[in-house]
Amino acid sequence: MNFVNGKTVYILGAGASAHTGTPLMSKFLVSSRQLAARPQDLRFKEDFETIFKWIDGLRANRRVVDIDLDNIEHVFSLSEAMHQTREQGTYKRVQLRRVITETVDRFCCLQNGPSHYTGEPAYDVFASELAQVGQQRRDRIGETNYRPDTIITFNYDIALDLALIKTHRGIVNYCFSSETNPNIPRYLKLHGSINWLSCMARGCRDASWRFPLPARPADFKQPIEFHINTASRYQCPSCDTVGDWRIEIVPPTWAKTVENNHFQTIWQQAVDDLRLAEQIIFIGYSLPPSDSYIRYILAQGLSGSPRLRRIIVVDIDPEKGSVHNRYKDLFSSSARGDVAFVYRSENFRDYSHSQLNGDAASYE
Ligand SMILES: [Zn+2]
């Protein structure tokens with residue numbers, strides 16, 4: 001048997017979190033509108049109201065002709081672009097981020113037991129398989145040759161974050177700097193995360209990002225609905241203000257101007273890690289033609305990856321073959337001809353339970 005001795009880079013798309021109930025981008029605004037219809041239950045009630053008024057106003061405004069206002073990616077990109085060009089209503093950006101966050105929060109069903117968080121089964125399996133295979137590899141090849149695996153995700157939800165924290169005793173390796181713990185998987189959230197916060201309080205000059213999550217499984221009393229139960233009570237360690245947070249998420253299509261060093265660092269590390277990869281496993285990512293900057297990151301990473309031996313794509317393709325073809329096109333233009341390509345028609349949950357361990361550990 002040939003073992004995988006180098007780094008595996010996992011790339012997770014929205015399909016990987018679909019089983020948690022987190023809405024896919026294509027259905028996202030429909031889910032947000034469902035919440036807006038029951039405003040009495042909402043933490044960010046006024047933001048929902050403002051945002052849907054804004055979207056409906058845009059619809060009536062003939063100037064916005066090329067934008068699909070039912071598509072969250074387009075609407076989110078528009079609000080960020082308006083902020084950058086200082087156009088009317090720049091504050092919508094902060095409000096839209098809250099609407100997106102609360103929608104993720106409400107629909108992502110993380111299971112709570114009677115007194116504590118019980119975990120999200122598929123992500124728990126994923127995190128523990130990675131830890132187990134990583135430990136076996138380290139024992140086999142030795143500490144000095146060992147490189148931890150990397151998980152690159154496009155998702156905002158925190159289901160996998162909580163699973164990693166459970167598996168790695170309170171540590172999650174977001175890689176905000178290049179100095180990171182070498183023993184646990186690197187976790188790069190390219191579009192941000194609903195638990196990444198920076199203080200908005202007037203006069204507070206602390207631009208550090210916080211990511212309050214419980215450190216121990218025993219503390220996981222209310223990690224679900226993070227913004228309702230955790231962020232609203234979380235106090236800025238610099239200015240003591242409670243709950244006045246900007247949520248650090250960016251639209252999937254947005255990459256024109258990077259205003260923040262954290263995102264720059266994360267994206268650069270994604271390219272660097274792809275170049276170091278021995279294999280890349282895509283799960284639940286359909287490689288849509290509109291994701292041009294992700295294709296760019298992949299092409300950049302793949303073209304300079306001397307160690308790469310295998311690429312695996314795990315996806316349920318409703319378009320019957322078009323996802324497969326898009327990947328084949330991308331790899332034929334950017335990866336070497338001797339890299340093996342495997343396509344598995346499976347969802348994240350089934351894959352984590354059946355094939356993941358074998359793919360992570362060895363070649364067929
Ligand atoms: Zn502050």
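Which residues of strand 4 are buried on one side, and which on the other? Thr150 and Ile152 are buried on one side. Ile151 and Thr153 are buried on the other, so both faces of the strand, residues 150-153, are covered. By buried I mean that 20 or more other C-beta atoms lie within 10 Å of the residue's own; exposed means 12 or fewer, partly exposed is in between, and C-beta atoms are placed from the backbone.

Quick ground rules. This is a predicted model: local features need pLDDT of at least 70, side-chain atom pairs count only at pLDDT 80 or more, and totals for chains, interfaces and linings use all residues. Residues are numbered from 1 along each chain as its sequence is written. Helices (H or I, at least four residues) and strands (E, at least two) are DSSP runs, numbered from the N terminus.

Back to strand 4. What does it pair with? Strands pair if DSSP finds at least two bridges between them. Strand 1, residues 7-12, runs parallel to strand 4, with four bridges joining them. Ile11 has Ile152 as its bridge partner there. Strand 5, residues 186-189, is also parallel to strand 4, again with four bridges. Here Thr153 is partnered by Lys189.

Next, helix 7, residues 159-167. Nine of its nine residues are buried, so the helix is largely enclosed by the rest of the structure. Among them are Leu160, Asp161 and Lys166. What do these buried residues pack against? The list is helix 1 (14-17), strand 3 (117-119), helix 6 (121-141), strand 4, strand 5 and strand 6 (192-199). Just after the helix, Arg169 takes a positive phi of about 50°.

Now the chain start. Phe3 sits in the segment before strand 1. It counts as partly exposed because it has 13 C-beta neighbours inside 10 Å. Contact means C-beta atoms, placed from the backbone, within 7 Å. Leaving aside neighbours within four places in sequence, Phe3 contacts Arg140, Ala361 and Ser362. The C-alpha atoms of Phe3 and Glu364 are 9.4 Å apart, yet 361 residues separate the two along the chain.

Last, the domains. Bounds come from an automatic or database domain assignment. Domain 1 is 7-20 + 117-196 + 252-361, and domain 2 is 23-107. Nine residues of domain 1 are in contact with ten of domain 2. On the domain 1 side, six are nonpolar, two polar and one charged. Nonpolar covers Ala, Val, Leu, Ile, Met, Phe, Trp, Tyr, Cys and Pro; charged covers Asp, Glu, Lys and Arg; the others, Gly among them, are polar. The C-alpha centres of the two domains lie 28 Å apart.

Note on methods:
Two residues are in contact if their C-beta atoms, placed from the backbone, lie within 7 Å.
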